[in-house]
Amino acid sequence: MSGTVNVRLTVNGVEHTLDVEPRLLLVHALRDELGLTGTHVGCDTSNCGACTVHLDGKAVKSCTVLAVQADGAEVTTIEGLGTEDDLHPMQEAFWNNHGLQCGYCTPGMIMAATALLADREGEGMITEEEVRHGLEGNLCRCTGYHNIVKSVLDAASKTGEMVA
Amino acid sequence: MTVTDQAPAGRHVGRPLRRKEDPRLLAGRARYIDDITLPGTLWAAFVRSPEAHARILSVDKSAALERAGVHAVFVGEDLADLAGPLPLAWVPPGVEVNNPEHWPLARGAVKHVGDPVAVVIGEDRYAVVDAAADVVVDYEPLPAVTDPELALKGAPFVHEQFATNETHRWSLGGGDLDAGFAEADVVVERRVVNHRTAGAPMEPRGVLADYRAGTLTLWSSTQVPHFLRLFLAILLGMSEERVRVIAPEVGGGFGSKLQVYGEEVLAAWASRKLGQPVKWIETRSENLAVTHQGRDQIDYVKIGAKRDGTLTALHVQIIADLGAYNMLLTPAIPALGAFVMSGVYRIPAVQTDIVGVFTNKCPTDAIRGAGRPEATHLIEVTMDQLAHELGMDRLELRRRNFIPKDQFPAEVAFGIVYDSGDYEKTLEKLLEHVDLDAFRREQEELRARGVYRGIGFSTYTEICGLAPTRAVGPQGFGNQAGFWESAMVRVHNTGAVTAYTGASPHGQGHETTFAQIVADRLGVDPEVVEIVHGDTATGPEGRNTYGSRSLAVGGEALARCAVKIADKARAIVAHKLEAAPEDIELVDDRFVVRGSPDRGMTLAEVAGAAYLNEVPEGMEPGLETTTFWDPDNFVFPFGAHACIVDVDPETGKVTVQRYVAVDDCGHAINPLVIDGQVHGGIAHAIGQALYEQVQYDDRGQLVTGTFVNYGLPTASELPSFETDRTETPSPVNSLGVKGIGEAGTIAASPAVTNAVIDALRPLGVDYVNMPLSPMRIWDAIQGANREGGSQS
Ligand code: FES
Ligand code: FES
């Protein structure tokens, strides 16, 4: 068994120093070391997107990143986006449009969706087709995506920049 | 007032209220099974068979045990103190089911890839996986069988002791089949393959067991905490009150968590043995290999009709591939389909004959729809072919055979009584959304340009709201349980309400819809009604969530329970205001004296009186009660769906262009939630129709072990859905409701298939089995070119 490695992470604005096994996945560092269980694991082949977080502002699947690779990075998880009493507009849009059922895919879906909109800031109103393509890496078994897509379009139409 | 006087629509019922459960889910604050850990928790990892069929010659644990932090390695023989094997709960009267012992860890032999041979338990989540890889199992491979029709022919046998792979035979029928076919001018026969699929909830399974001080607390990602508690008590030889099962937030089930799994029993057993909490979280690869799967039938369908389209007889022979073992309800699943075999049609003679077969594959059991998607698929695709052979319009053929609305409650040939229906109405409404003439013109134009567009329909009904005990319990269908549901309503001092349900939701939104039901009956806001579920220690004994039963059975139980509270409230108000109880009525949020609306009390005031014991002579103080409800019948949702597809004849690729669904689930409690259920259900069936298939090779190796090769549909493969409703109340419950969780899945696969066939008929294709993959479509087109007709 190899020794541990020191990793510094800024997660949701808070700096952490961790001693981790080199093979520890970022998702497990977030969940098991930092107790941020809002980020979920739904597969072992990087297909489902349940583990999506923002790493230095980009959406990544945290099951495909080692904690050591994230050394020095800024991570935002679902817990850093909004709280139950002060939801982020994307979370609010999912609520208003029934964009979730069991909720398991939801944090990853929301992190992917916020990154999707942020990435194309200034490019005009996003289309349904773009949303569907943009969320291709996130699986949901409950909603058939209908209300997820509706939620994202709703959030886009309400966040100024995203509207044409 | 009796419960049936209660008007279904109210201040809150019928409104598209956004869900109460959502904020915690949206903010990442919900607790799913993997989010729970206790001090001293040990992790379990399973050693699973890479062989489809083999004898276990030896298991060498030594290397694994030498690893730091490993506490134990167990094999099947170590679990000798279990009171029995894993349960099969279906004991159909008069039917013999071959039932091999099925243990949490294999004893002597493995029967499918993934069958667990040993478990490693240790301190670290990653290290136990390393240690499991160090367990050396010596297998003697045995011949395997994966094709159910081959399996029925003889050896090799999955379970030698039966000297057959046949598990059982079961039939349901009524009417004179021979006379029916003799009367027919046209008979259509089809071999319909309904392939194997996975439930694939986004959250895999998981369990955390904590045995301490003679008491077991077990958290599991399950749909059935109440069943699980009972079986854990039995298998572990514990007294039932010493076992508490909690379903925490559950990330989807779709039937795959309606089970008593070996891993759940093992975790509990190991926690007792080792004196520490034991946790296991399934990987997706395990989920796709060992969590029970669904469908997998070969259906031989024969239908007869007169020249004018009148149906005369239907005979269906089902070869049901059950996989390697019977699990909780395995052999019962295909039989569920027999209960709606004639669909929405009047057919004087109907017969379903089922033969179950063991193969060296993962066991099958309930997956969303459970038997009913298979039944609907086979009749709806056969109706299209029949119309074609009669030279009759597909919808005209359907209309001609619909059970007319004035015949409800309608008894069908094999004795089931459909509660209510108006099939014409849903079809009419569907056609308001789909302009058929315009579609046909467009189809012609596109064909001229080489684009093959087709439209397919599915008019369906399904049987759900699992209950009544009389029909599905030991004296009826043979499930060894009662199928009522329970509810308990507790009004607190301040008028806030906690309501307990024996249903156990996992995404369906009961915390909202059930609160709407209670709120209307007690004159409070749904915000102050907390729905508690999924914990055997808090509420009454329950019967859980599956078979679209929660609302029609559990919701109704809760409605009746709330009415009992309201009755007591009225008596207390009458006592306090010196009026007659019959004169007290609930108007908005107050119980008032009829005719003098200024004289009244809120629920909070009533509760205050109830807990101060200011109640009528002879009445108990307090404001709390429990109800058990076992209905007289099932409920039968129905609807009409249309699907429009484009098929590229060069590549065989199918694209769904439009999907329109009109469903009738009786009175709507929350339209937002209903639409969501329909969307998900349709997507599940489109997944089966086009993409998803569990595949084994001839030697029993699983080909689809990850999401890389098990193709769940993504957002970019599906369209937005168009949904609408009609409301035909069910007479079975006071809410007038029917289930909606499975309807989309039951309806959609034939609509997609019929659309593809409609697109390809000009090319000579008249049938293709699912999944309608590019390869299969392309083959069908080539076959049709060669033969001038096809059956693939
Ligand atoms: S858990 Fe990361 S993609 Fe599935
Ligand atoms: S809401 Fe259940 S998987 Fe998406």
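In this predicted model, A:Ser62 is in contact with A:Leu25, A:Leu26, A:Val27, A:Leu30, A:Thr39, A:Cys51 and A:Val53, once neighbours within four places in sequence are left aside. The residue sits in the loop that runs between β4 (58–61) and β5 (74–76) of chain A. A:Ser62 has a relative accessible area of 0% and is therefore buried.

A:Lys58 pairs with A:Asp119, and their closest N and O atoms are 3.6 Å apart. A:Lys58 lies in strand β4 and A:Asp119 in helix α4 (residues 106–119) of chain A, so the bridge ties together parts 61 residues apart in sequence. With a relative accessible area of 48%, A:Asp119 is partly exposed.

Over all chains, a search of the whole structure gives 64 salt bridges. In one of them, the side chains of B:Glu203 and B:Lys257 meet at 3.2 Å, N to O. This pair links distant parts of the chain, 54 residues apart: B:Glu203 is in the loop between β8 (186–198) and β9 (206–212), and B:Lys257 is in the loop between β11 (243–246) and α7 (262–274) of chain B.

B:Lys576 counts as partly exposed at 36% relative accessibility, and B:Glu614 counts as partly exposed at 31%.

In soluble globular proteins, nonpolar side chains tend to be buried together. The largest nonpolar core in this model has 162 residues, and B:Leu232, B:Leu386 and B:Leu522 have the most contacts inside it. Helix α16 (residues 550–577) of chain B gives the largest share of this core, 13 residues. What does B:Leu232 touch, leaving aside its neighbours within four places in sequence? Its contacts are B:Leu216, B:Leu218, B:Gly237, B:Val243, B:Val245, B:Glu264, B:Val265 and B:Ala268.

Not counting residues up to four places away in sequence, B:Thr704 touches B:Leu288, B:Gln693, B:Val694, B:Gln695, B:Asn709 and B:Tyr710. To one of these, B:Gln695, there is a polar approach: its backbone nitrogen lies 3.0 Å from a polar atom of the B:Thr704 side chain.

The last topic is the interface. Chain B contributes 56 residues to the contact and chain A contributes 50 residues. About 4500 Å² is buried between the two chains, and carbon and sulfur atoms give 56% of that area. On the chain B side, the residues that lose the most area to chain A are B:Leu26, B:Tyr126 and B:Met202, together 18% of what that side buries.

The elements that give two or more residues to the side of chain B touching chain A are α1 (22–26), α3 (125–134), α8 (284–290) and α18 (671–691) of chain B. Of these, α18(B) supplies the largest share, eight residues. Sorted by class, that side of chain B has 26 nonpolar, 17 polar and 13 charged residues.

Six salt bridges are found across the interface of chain B and chain A. B:Glu692 forms a salt bridge with A:Arg141, in which the closest N and O atoms are 2.7 Å apart. A network of salt bridges links A:Arg31, A:Asp32, B:Asp34, B:Asp35, B:Arg125 and B:Lys279.

Notes
Residues are numbered from 1 along each chain as its sequence is written. Chains are lettered from A and ligands numbered from 1 in the order in which they are written. This is a predicted model: local features need pLDDT of at least 70, side-chain atom pairs count only at pLDDT 80 or more; totals for chains, interfaces and linings use all residues. Side-chain values use heavy atoms; hydrogens and water are left out. Contact means heavy atoms within 4.5 Å. Buried area is the accessible area (1.4 Å probe) that two parts lose on being put together, summed over both. A salt bridge is a side-chain nitrogen of Lys or Arg within 4 Å of a carboxyl oxygen of Asp or Glu. Helices (H or I, at least four residues) and strands (E, at least two) are DSSP runs, numbered from the N terminus. Ala, Val, Leu, Ile, Met, Phe, Trp, Tyr, Cys and Pro count as nonpolar, Asp, Glu, Lys and Arg as charged, and the others, Gly among them, as polar. A nonpolar core is a set of buried Ala, Val, Leu, Ile, Met, Phe, Trp, Tyr and Cys residues joined through side-chain atoms within 4.5 Å. Buried means under 20% relative accessible area, exposed over 50%, partly exposed in between (1.4 Å probe, protein chains only). A polar contact is a pair of N or O atoms within 3.5 Å; within protein, one must be able to donate a hydrogen and the other to accept it, and residues adjacent in sequence count only if both atoms are side-chain atoms.
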